[in-house]
Amino acid sequence: MLKEEVIQMDQDYFMNVFGKRFPIVLEKGEGVYLYDNEGIEYLDFAAGIAVNALGYKHPQVTEALKEQVDKLLHASNLYYFEIQAKLSKLLVDSSCGDKVFYGNSGAEANEGAIKLARKYFKEQGQEKYEVITAKESFHGRTLSTIAATGQTKYQKDFTPLPKGFKHASYNDLAAAKEAITEQTAAIMVEPIQGEGGVNPAQKEYLQGLRELCDQAGILLIFDEIQTGVGRTGELFAYQAYGVEPDIFTLAKALGNGMPVSAFLAKEQVAQAFKPGDHASTFGGNPLACQAAYTTLQVILEDNILDDVKEVGAYFREQLEQLVEQYSSVIEVRGKGLMIGLELNIDAKEVVRKLLDQGVLALTAGKKVLRFLPPLIITTRDVDQLIEELDQILVE
Ligand SMILES: Cc1ncc(COP(=O)(O)O)c(C=O)c1O
């Protein structure tokens with residue numbers, strides 16, 4: 001089909017929640033490049049919004065998935081699967097979590113984490129149900145996760161929202177402390193706010209939240225949907241902060257493009273879930289688990305985390321030079337390969353111009369350019385992006 005025909009068909013049949021998308025029809029990908037149906041190549045600094053950690057058509061992931069497709073896609077969680085058990089062990093061995101549960105999306109993982117926090121206190125006969133989250137946070141699009149999200153634009157047309165969520169300023173320990181009541185079950189934060197503008201937590205903030213939670217006897221939940229699975233140069237962002245959460249959630253990069261999410265919890269918390277408390281038809285099916293298992297293995301065995309740190313540091317240096325050079329560029333923020341560039345001009349316009357030059361990038365809010373490339377990009381790819389930005393910002 002011609003590009004125009006695809007776009008017209010989409011407009012005729014798909015609910016218009018994405019408005020006018022970027023006008024390209026993507027067909028295939030390889031490495032850090034995507035190709036549209038007119039054969040145009042795009043250097044990818046978006047990675048499907050932090051999903052394609054190993055880029056496209058990664059040989060090991062592709063091979064493992066093909067083999068799994070030939071064997072078994074799905075048969076329900078009524079039965080055991082070797083690949084699911086192996087993934088659970090790998091996730092637990094690589095993190096501070098002791099038990100895991102699988103879902104299909106970030107929102108579903110966060111819902112599960114919130115349910116587990118509530119159940120943990122129910123088990124102790126305590127009526128603690130409230131979750132404190134941060135202003136400008138983003139936790140998903142289901143009713144509970146928009147209630148958890150600290151941005152009214154996602155909430156206002158969907159009231160009444162589920163009760164039990166409170167928002168306190170990010171990086172503000174005093175605000176978090178003040179928000180705690182007798183009903184508080186947990187504090188849930190992103191170690192780096194993604195959609196909210198690429199705002200990293202200060203170390204003292206996360207460490208302080210840990211202390212606050214310990215003192216109040218409540219749980220600390222990290223939403224690592226965007227930061228997890230190598231994005232920041234650590235397998236999980238909490239590792240860079242030296243703060244262990246009681247529960248943390250993963251999605252996006254976990255399956256390198258296969259929809260799979262997870263939440264992990266410390267043993268004492270995880271044991272609150274009893275048979276029948278939680279479930280998911282598709283969650284953790286063999287194909288999803290194979291994708292996650294192979295992705296994690298490649299990230300760990302190929303030392304991808306070292307590359308993320310190295311290329312991320314180089315990337316930041318180059319962007320810092322743009323801050324020096326252009327009055328429209330205000331600040332570089334982020335960690336590893338989760339990077340925001342604050343501008344004082346319309347960030348979407350810059351993304352559009354980058355697209356015209358064959359580079360894909362993202363925004364976070366109106367003024368922040370956001371880069372979430374595959375974790376396998378090289379300094380040469382960074383140079384190409386910087387060259388394009390140099391052209392665009394000059395105009
Ligand atoms: C931090 C965070 N939490 C949750 C979500 C929701 O994930 P999903 O869209 O897979 O439901 C996102 C998605 O952008 C996210 O960045």
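Residues are numbered from 1 along each chain, in the order in which its sequence is written. As the model is predicted, local features need pLDDT of at least 70 and side-chain atom pairs count only at pLDDT 80 or more, while totals for chains, interfaces and linings use all residues.

Let me begin with the domains. The protein is divided into domain 1 (3–58 + 303–394) and domain 2 (72–301), with bounds that come from an automatic or database domain assignment. Their C-alpha centres lie 26 Å apart. The contact takes 25 residues from domain 1 and 25 residues from domain 2; two residues are in contact if their C-beta atoms, placed from the backbone, lie within 7 Å.

Which elements give two or more residues to the side of domain 1 that touches domain 2? They are helix 2 (47–50), helix 12 (304–325), strand 13 (329–335), strand 14 (338–343) and strand 17 (368–371). Helices (H or I, at least four residues) and strands (E, at least two) are DSSP runs, numbered from the N terminus. Helix 12 provides the largest share of that side, five residues. By class, the side of domain 1 that touches domain 2 has 13 nonpolar, eight polar and four charged residues. Here Ala, Val, Leu, Ile, Met, Phe, Trp, Tyr, Cys and Pro count as nonpolar, Asp, Glu, Lys and Arg as charged, and the others, Gly among them, as polar.

I turn next to helix packing. Two packed helices are described by the angle between their axes and the distance between the axes. Axes are lines fitted to C-alpha atoms, for helices over the stretch in contact, and angles run from 0 to 180 degrees between N-to-C directions.

Helix 12 also takes part in a helix pair. The axes of helix 12 and helix 14 (residues 379–394) come within 10 Å and cross at roughly 15°. The two are therefore roughly parallel to each other; angles under 35 degrees count as roughly parallel, over 145 as roughly antiparallel, 65 to 115 as roughly perpendicular and the rest as oblique. In this pair, Val311, Tyr314, Phe315, Gln318 and Leu322 of helix 12 meet Thr379, Val382, Ile386, Leu389 and Leu393 of helix 14. That contact has eight nonpolar, two polar and no charged residues.

Helix 11 (residues 286–301) meets helix 3 (residues 59–71), and their axes come within 9 Å and cross at roughly 155°. Helix 3 and helix 11 are therefore roughly antiparallel. Residues of helix 3 in this contact include Gln60, Val61 and Ala64, and those of helix 11 include Pro286, Leu287 and Gln290. The classes in the contact of helix 3 with helix 11 are eight nonpolar, five polar and no charged residues.

Helix 4 (residues 82–93) also packs against helix 11, at an angle of about 40°, with the axes 9 Å apart.

Now to the ligand. How many residues surround the ligand? There are 14, and the closest are Ser105, Gly106, Ala107, Ile225 and Gln226. A residue is near a molecule if its C-beta atom, placed from the backbone, lies within 6 Å of it. Helix 5 (residues 106–123) gives the most to this shell, with three residues. The shell comprises four nonpolar, seven polar and three charged residues.

Two backbone details remain. The peptide bond from Thr159 to Pro160 is cis, with omega near 0°, and Pro160 lies in the loop between helix 6 (143–148) and strand 6 (165–168). Ala47, in helix 2, has a phi near 50°, a positive value in a residue other than glycine.
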